[in-house]
Amino acid sequence: MIDKLKKLTKTKSFHICMIMVIIVAILFIVGMLVLRYNVEGETNMPFELSKIAIISSQEGIDDGQTDTRWSFNVHQANDIYLYIDKNENYDKTEVIQSVNIDNIQVEADNTENIKLYKPDAQEEKVIFKYKDEDIVENIEYTGDIESDLKNLKISNQGGIVAFRCSNNDVANYKSNDEEINHNDLLKKCNIANENLQIKLSFYLTIKLESGKEYQAEIKLELPTGNVVENGNASTEITDLDNIIFKRIHN
């Protein structure tokens, strides 16, 4: 029996079979690693997305009509803040070069009215304004010594980036009342919360000075809460297990 095994191991067909087994084993291991990476992504990034905060609100913008005391185009805004923190368990020094928000996709009943705004650089009292020059298709925050939302800068050791997704011209409201509460405008216009629904997706890319780039797709459903009844609503998303970052460079 032993002699037969020795003869078998010396045959060409046996060697071919062993090579095939080794190749299959290697392919299986590589396949499992690729599958795991696709599911888990990067598990030890130098910077991490730690939280997403969403503030949904409503506002009436004067449309210039003078036939009534008040005449507003009613907008429903969703301000999105992305918190990027340094990973204290990462044992190397890295510096943020830029953070990009792009490939923005919107699903809604009236996509033509959905506008994206960067923070306004001129206004001191508020972060966002409904200015045409602030409408964007993508946003880049550059790394700097300190964060500065107004000038699209993020601290090179982590900070916050933000943008507004607004459902403009949801309704027009006219009134001769002495005072107007903007938090009641959607309700007064008989707008249902389900008519405001937006499915928003975009890519968040963190670029480092070392050349490394990490990217993840983020999907959000807007507005948060019942903005019609409550006037405004906010939420913080800290369970981010479904957001998978992958290295796309170096």
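The dialogue below takes up salt bridges, aromatic rings and a pocket in turn.

Tutor: This is a predicted model, in which local features need pLDDT of at least 70 and side-chain atom pairs count only at pLDDT 80 or more, while totals for chains, interfaces and linings use all residues. Residues are numbered from 1 along each chain as its sequence is written, and side-chain values use heavy atoms, with hydrogens and water left out.

Student: How many salt bridges does the structure hold?

Tutor: A salt bridge is a side-chain nitrogen of Lys or Arg within 4 Å of a carboxyl oxygen of Asp or Glu. The structure holds 9 of them. In one, the closest N and O atoms of Arg164 and Asp79 are 2.6 Å apart. Arg164 belongs to strand 7 and Asp79 to strand 2, so this bridge ties together parts 85 residues apart in sequence. Strands (E, at least two residues) are DSSP runs, numbered from the N terminus.

Student: Are Arg164 and Asp79 buried or exposed?

Tutor: Buried means under 20% relative accessible area, exposed over 50%, and partly exposed in between (1.4 Å probe, protein chains only). Both Arg164 and Asp79 are buried. In another salt bridge, Arg69 and Glu178 have their closest N and O atoms 3.4 Å apart. Here Arg69 is partly exposed at 46% relative accessibility, and Glu178 is exposed at 60%.

Student: Over the face of which residue does Arg164 lie?

Tutor: A charge sits over a ring if NZ of Lys or CZ of Arg is within 6 Å of the ring centre and within 35 degrees of the ring normal. Arg164 lies over the face of Tyr130, 5.0 Å from the ring centre.

Student: Why is the pair of Phe163 and Phe202 classed as it is?

Tutor: Rings of Phe, Tyr and Trp (its six-membered ring) pair if their centres lie within 6.5 Å; planes under 30 degrees apart count as stacked, over 60 as edge-to-face and the rest as tilted. This rule gives 3 aromatic pairs. The ring centres of Phe163 and Phe202 are 5.3 Å apart with planes at 85°, so the pair is edge-to-face. Phe163 is buried at 1% relative accessible area, and Phe202 is buried at 0%.

Student: Which residues line the second largest pocket?

Tutor: On a 1 Å grid over the protein atoms alone, a pocket is an open set of points where a 1.4 Å probe fits, with protein on both sides within 12 Å along at least five of seven lines; lining residues have an atom within 4 Å of a point. The lining of the second largest pocket includes Asp79, Tyr130 and Arg164, and also Ser57, Glu59 and Lys129.

Definitions and conventions: Helix = DSSP H or I, 4+ residues; strand = E, 2+ residues; numbered from the N terminus.
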